[in-house]
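Student: I have a chain to read. Please walk me through its features.

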Amino acid sequence: ATCRVVLAAARQRPDCPHEPTTADVCQFHVLPVTQGLGKSLAEMFWAEHDAKVARFDREKRTVPASLRKAPAGVATVFCSHAWERPFHDLVESVADYVEHW
């Protein structure tokens, strides 16, 4: 779902007149968020999740069900992609794999 949100945002960029490539998404959406932090996007998701859990635990002593689920699971497959191909192809391929395998 997160990838589809990023894809929608990438398609709205006026400086990207073509279907956004994986390189476009990285340059315009991933790097600006992660640059200078020394963390990957996945590590940022985990850090944000852990901070929310800690805050709820500290303030309310209970963690809502929405935060009990991890933001990502353990990687069990490797996905190779081409930087200059449409990001849409990558998103749909991964979604298809998850749905059918």
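**Reading the chain**

Tutor: Along the sequence, the pattern runs α-α-α-α-α. The chain has five helices and zero strands; these are DSSP runs numbered from the N terminus, helices being H or I of at least four residues and strands E of at least two. The model is predicted: local features need pLDDT of at least 70, side-chain atom pairs count only at pLDDT 80 or more, and totals for chains, interfaces and linings use all residues. Residues are numbered from 1 along each chain as its sequence is written, and side-chain values use heavy atoms, with hydrogens and water left out.

Student: What share of the 101 residues is buried?

Tutor: Buried means under 20% relative accessible area, exposed over 50%, partly exposed in between (1.4 Å probe, protein chains only). Here 19% of the 101 residues are buried.

Student: Where is Thr 21, and is Thr 21 buried or exposed?

Tutor: Thr 21 lies in the loop between α1 (2-11) and α2 (22-34). Its relative accessible area is 7%, so Thr 21 is buried.

Student: Which residues is Thr 21 in contact with, leaving aside neighbours within four places in sequence?

Tutor: Contact means heavy atoms within 4.5 Å. Thr 21 touches Trp 83, Glu 84, Arg 85, Pro 86 and Phe 87.

Student: And Val 98: buried or exposed?

Tutor: Val 98 sits in helix α5 (residues 87-100). Val 98 counts as exposed because its relative accessibility is 60%.
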